[in-house]
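Visitor: I've got a model open and would like to learn how to read it. Could you walk me through a few features?

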Amino acid sequence: MCNVQRRAKEQQRQHHARKRRDAGTRNVAPVLADPDDPLLPDASVDRFVIVDTWHHIEDQPKYLGLLRRMLKPGGQVVHIDFQKRELPVGPPPGMKVAREDLVKQMEGSGFALLAEHTFLPYQYFLVFTLR
């Protein structure tokens, strides 16, 4: 990633940190992570929330292994992503991950589907936990 993009991301993180501080939120801490590593300690995360970005992760099996290690017991991974079909919003279908493929991938990496929410018109909303 070039320095301009890193700087823009850092400025965005600082903006969100100020908003949380001003709102009195104390239980959320942003981390400017690497694209292939969340850079968090083992057993330190209650919930990962991954929104519309899973297709950008190059080595997804490796990343899932990192998430498994970083989750606290009973922790969750929430995936919200665009349905793999032509939609008026989101990336083209070729970039999208089908719901069924994601479930299979997560289950193959030791996760179990805990819940599914269907209120979003263009996205699936899946909650996984460790088996």
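Visitor: Where is aspartate 52 found?

Guide: This is a predicted model, so keep that in mind throughout. Aspartate 52 is found in the loop between β1 and α2, the helix that covers 60–70.

Visitor: And what should I look at in its backbone?

Guide: Look at phi. Most residues other than glycine have a negative phi. Aspartate 52 isn't a glycine, yet its phi is positive, about 55°.

Visitor: Is aspartate 52 buried, partly exposed or exposed?

Guide: The relative accessible area is 24%, so aspartate 52 counts as partly exposed. Buried would need a value under 20%.

Visitor: Let's go inside. How do I read a nonpolar core?

Guide: The general idea is that in soluble globular proteins, nonpolar side chains tend to be buried together. Here the largest nonpolar core has 20 residues, and among those with the most contacts inside it are Phe48, Trp54, Leu67 and Phe111.

Visitor: Which elements give two or more residues to this core?

Guide: They are β1, α2, β2 (71–82), α3 (99–108) and β4 (123–130). The largest share comes from α2, with five residues.

Visitor: What does tryptophan 54 touch, leaving out residues up to four places away in sequence?

Guide: Tryptophan 54 touches Gln60, Tyr63, Leu64, His79, Asp81, Val97, Leu102 and Gln105. Leu102 is also listed, like Trp54, with the residues that have the most contacts inside the core.

Visitor: How many helices and strands does the chain have?

Guide: Three helices and four strands. Read from the N terminus, their order is α-β-α-β-α-β-β.

Visitor: What about contacts along the sequence?

Guide: Take the contacts with a separation of 6 or more: 60% of them join residues 24 or more positions apart.

Visitor: And the chain as a whole?

Guide: The C-alpha trace spans about 40 × 40 × 30 Å along its principal axes. Of the 131 residues, 31% count as buried. The accessible surface is about 8400 Å², and carbon and sulfur atoms hold 52% of that.

Visitor: How many positive and negative side chains are there?

Guide: There are 20 positive and 16 negative ones, and the centres of the two sets are 6 Å apart.

Technical notes:
Residues are numbered from 1 along each chain as its sequence is written. This is a predicted model: local features need pLDDT of at least 70, side-chain atom pairs count only at pLDDT 80 or more; totals for chains, interfaces and linings use all residues. Side-chain values use heavy atoms; hydrogens and water are left out. Buried means under 20% relative accessible area, exposed over 50%, partly exposed in between (1.4 Å probe, protein chains only). A nonpolar core is a set of buried Ala, Val, Leu, Ile, Met, Phe, Trp, Tyr and Cys residues joined through side-chain atoms within 4.5 Å. Contact means heavy atoms within 4.5 Å. Accessible areas come from the Shrake-Rupley method with a 1.4 Å probe; for residues, only the protein chains shown count as cover. Lys and Arg count as positive and Asp and Glu as negative; His and the chain ends are not counted. The place of a charge is taken as NZ of Lys, CZ of Arg, CG of Asp or CD of Glu.
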